[in-house]
Amino acid sequence: MDDFLVFEGLSKSFGAVQAVAQVSLTVRQGEIFSLLGPSGCGKTTLLRMVAGFETPDTGRILLGGEDITDLPPNRRKVNTIFQNYALFPHLSVRENIAFGRRVARQPRAEIERDVDRMLELIQMEAYADRRPDEISGGQKQRVAVARALINKPRVLLLDEPLAALDLKLRQHMLMELDLIHDEVGITFLYVTHDQGEAMSLSDRIAVMNHGRIEQTGAPAEIYEAPRSSFVAAFIGDTNFFDGVASAQSGADYLRLTIEGFPPVLCYNDKGISVGAPVNLSVRPEKFSLSREEPAADPLRNVVRGQVEDVIYMGAQTKYWVRVEAYRLAVTLQHRRFALDEKPITWNEAVWVSWHADDGFMLERYSEADEELMNTPPEEVGEEWAPEESEGDAAGSPAP
Ligand code: ATP
């Protein structure tokens with residue numbers, strides 16, 4: 001079903017702050033859909049409107065064709081998983097998982113059967129009788145997932161569910177969430193500010209900025225063909241160039257004049273006309289570096305530079321290369337045993353080259369966006385704290 005969870009013109013303000021501004025979006029049944037953006041961009045507010053914890057100022061939310069905008073949380077058939085797990089400390093793993101169904105007064109035998117299935121799904125059969133303070137962070141998160149799934153929600157809402165875990169465990173839990181999703185097949189709506197998490201888990205991603213959706217698409221689409229400079233910079237590293245389209249080159253390419261940089265050839269998929277200002281983005285891994293001048297190719301840009309910095313990162317090396325007024329970020333993947341090679345090093349003169357199709361022309365981002373992209377998450381939105389007294393359809397305690 002292509003229009004399973006639909007947001008129509010949703011807006012929400014808190015006093016003078018517009019948290020969500022005219023968001024329209026469609027989530028398909030069974031997909032893992034992520035809301036991704038910097039802290040304060042409105043993604044949690046959007047999720048809370050789906051859960052029923054916030055009421056939109058304008059707009060509607062439809063689930064499977066039904067308007068759920070004004071339904072109370074416990075009638076929406078959605079469940080939320082919070083960052084801090086929100087397990088009941090005095091109940092065992094088994095009792096935590098069963099809780100929502102017990103509250104709904106369902107037959108005991110049926111609940112027990114489903115709890116057993118959930119314990120198997122999260123591979124926690126051996127821990128069923130432990131209390132939350134007797135299991136690890138990753139295990140608590142799995143119990144939180146089981147406790148939500150046992151209610152058979154139509155949509156599982158996940159609000160930065162892995163933020164409290166360390167990097168290794170986060171990567172492990174991402175794989176587990178993916179497997180659990182494959183097993184149960186329900187729709188996941190996932191909120192995160194971590195682009196790596198969103199890229200590895202999601203079928204599709206909506207990138208948010210200042211309460212609006214900047215772009216929606218599959219992870220590769222968003223990474224390779226970002227619509228705006230904000231998206232290009234937020235999802236991964238990139239190099240930006242400010243230029244002007246100075247000449248047409250064949251039917252499909254433009255020659256760009258960039259102040260403080262040699263002329264550049266770029267594929268023109270946006271129908272940009274000669275004379276227009278252009279913001280060009282080239283990802284660091286699209287560049288090649290060599291000591292020898294590359295063989296001539298009319299569709300390859302080749303510029304001369306000097307290495308200013310080298311950062312060895314195991315699988316890759318990151319170079320900073322000075323080319324006139326620009327300092328380019330270049331990453332090279334190690335394909336051979338690095339110690340046998342004589343890698344390009346600091347201060348060397350090099351040729352930097354890239355194919356004209358590998359540069360991407362974009363809209364320019366505003367100064368406010370730039371500031372937000374450079375602000376650490378903990379400094380944004382610190383003027384408020386979430387309310388203490390809410391639960392979701394499973395009757396879970398306050399997050
Ligand atoms: P984070 O990743 O930090 O949770 P977010 O993208 O989820 O950020 P929201 O929590 O949706 O962002 O907040 C969006 C904006 O709305 C922020 O400026 C925030 O300070 C503000 N906001 C959210 N909830 C409230 C509230 N209950 N009262 C006042 N302002 C709020």
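**View 1. Helix H3 and its packing partners.** The buried residues of helix H3 (residues 108-121) pack against helix H2 (93-103) and helix H4 (137-149). Buried means under 20% relative accessible area and exposed over 50%, with a 1.4 Å probe and protein chains only; packing is contact, heavy atoms within 4.5 Å. Helices (H or I, at least four residues) and strands (E, at least two) are DSSP runs, numbered from the N terminus. The model is predicted, and local features need pLDDT of at least 70, side-chain atom pairs pLDDT 80 or more, while totals for chains, interfaces and linings use all residues. Residues are numbered from 1 along each chain as its sequence is written, and side-chain values use heavy atoms, without hydrogens and water.

View 2. Ile111, Asp114, Val115, Met118 and Leu119 are buried. After H3 comes Gln123, with a positive phi near 55°.

**View 3. Helix H4 in its surroundings.** Of the 13 residues of H4, 11 are buried, so the helix is largely enclosed by the rest of the structure. Among them are Gly138, Arg142, Val145 and Leu149. The buried residues of H4 pack against S6, H2, H3, S7 and helix H5 (167-184).

**View 4. Strands S6 and S7.** S6 (residues 78-81) is covered on both faces, with Val78 and Thr80 buried on one side and Asn79 and Ile81 on the other. S6 pairs with S7 (residues 155-159) in the parallel sense over four bridges; pairing requires at least two DSSP bridges between the strands. Leu156 in S7 is the bridge partner of Asn79.

Conventions
The expected span of a helix is 1.5 Å times one less than its number of residues.
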